[in-house]
Amino acid sequence: MADYFRGFGKWLAEEVGENKAAITVNRYLPFFLDIEQRWKTIPDYTALLGHFGAQRLRRVLLPVRWMQASDLVVTDAVAREEDSNRRRISATLDKVGHGSQAWAILNGYHKVLMSELEDEKTTLRSIRLALTPAAALLLKGKEMERTPPDQLVLDAYLENTPGQRAAVSGFVRYLRNVHGSDIALPKVNEIKVKSNRKKALEAEMLLLMREPGEGEAFIRRWVSVALAYFHGLPKKVGLRVIGGDIIASPDDGLIVRLDGRQYWIPRVAPDV
């Protein structure tokens, strides 16, 4: 391995010049020491990829280029991409909290997709692209205290990310077929209608924030619009909320109790 490192140093001097090589060569020493400790010699590219991963190998691009130039390894672009996809899939699974109900749902969906990979019906890249919106929908469901996600969660998610409608369709189908969720993809024009509705609610909230903010009638208007904007509830639900169902929260917001659930909304003014 010492001979290999010296050989790399000579190659580096030819590539970048002796002065720069002398300054930078030692930063790659831990990489060579790690290889020596694990294999005693330079293994094939698949072994390097499995141990270091594509991301770390990119950080030691010059030693890898030297290995290629010296015919010590032959890089595999397909294997590199697959390794990157596997690591990003693993990171996506971890986003929802290992061991949680949301994780169990996402992991189940992952297993279904992996079985399709074994049957050569999909690719790792497609699995990664399918899991990303699925994780985002589950996180939205956790935020709204609705796991598995239902129609309210899906509508709220697509209002903010309408471009993910096609990408999340497989997961919606999985939720419906495997978990019995009452959920279905809205039509494209329905998403546009909901998006326009949210813009209108936002404009109404801004108008309310400019008003003095006094009286029970004003509070009901604010609660109705805020529940519709932040939680996707119909505006008329605010009419069913009584004074005792609205309490202050420590983060300068309001907690609204409705139908056995609690909803957080911002406080429009210090006295409301």
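Some ground rules to begin. Since the model is predicted, local features need pLDDT of at least 70 and side-chain atom pairs count only at pLDDT 80 or more, while totals for chains, interfaces and linings use all residues. Residues are numbered from 1 along each chain as its sequence is written, and side-chain values use heavy atoms, with hydrogens and water left out.

Let me start with the helices. Angles here run from 0 to 180 degrees between N-to-C directions, and the axes are lines fitted to C-alpha atoms, for helices over the stretch in contact. Under 35 degrees counts as roughly parallel, over 145 as roughly antiparallel, 65 to 115 as roughly perpendicular, and the rest as oblique.

Take α3, residues 29-39, and α4, residues 45-59. Their axes are 11 Å apart and the packing angle is about 160°, so α3 and α4 are roughly antiparallel. The crossing of α3 past α4 is right-handed, a term for the near helix being turned clockwise from the far one by less than a right angle, with anticlockwise giving left-handed.

α3 also packs against α5, residues 61-69, at an angle of about 60°, with 9 Å between the axes. That makes this pair oblique, and its crossing is right-handed.

Then there is α4 with α6, which covers residues 77-95. These two axes come within 10 Å and cross at roughly 30°, so α4 and α6 are roughly parallel. Here too the crossing is right-handed.

Next, the pockets. The search uses a 1 Å grid over the protein atoms alone: a pocket is an open set of points with protein on both sides within 12 Å along at least five of seven lines, whereas in a cavity a 1.4 Å probe fits but cannot get out. Lining residues have an atom within 4 Å of a point. Grid points are joined across faces, edges and corners, and a volume is the space filled by probe spheres set on the points.

How much volume does the largest pocket have? About 190 Å³. Its lining includes Tyr-109, Glu-116, Arg-173 and Asn-177. The elements giving two or more residues to that lining are α7 (101-118) and α10 (169-178), and α10 gives the most, with 5 residues. By type, the lining divides into 6 nonpolar, 3 polar and 2 charged residues. For that count, Ala, Val, Leu, Ile, Met, Phe, Trp, Tyr, Cys and Pro are nonpolar, Asp, Glu, Lys and Arg are charged, and the others, Gly among them, are polar.

The second largest pocket holds about 160 Å³ of space. Among the residues lining this pocket are Glu-143, Arg-146, His-231 and Trp-264. Strand β3, residues 261-266, supplies the largest share of the lining, 4 residues.

Now the backbone. Most residues other than glycine have a negative phi, and most peptide bonds are trans. Which residues are joined by a cis peptide bond? Thr-147 and Pro-148, with omega at about 0°. Pro-148 sits in the loop between α8 (124-143) and α9 (151-160).

Lys-40 is not a glycine, yet has a positive phi of about 75°.

Asp-259 is another non-glycine residue with a positive phi, here about 50°. Asp-259 is in the loop between β2 (253-258) and β3, and at a relative accessible area of 63% it is exposed.

Last, two distances, both C-alpha to C-alpha. Arg-210, in helix α11 (residues 188-210), is exposed at 64% relative accessibility. Arg-210 and Val-268 are 58 residues apart in sequence and 9.4 Å apart in space. Gln-101, in α7, is partly exposed at 48%. Gln-101 and Glu-204 are 103 residues apart in sequence and 36 Å apart in space.

Technical notes
Buried means under 20% relative accessible area, exposed over 50%, partly exposed in between (1.4 Å probe, protein chains only).
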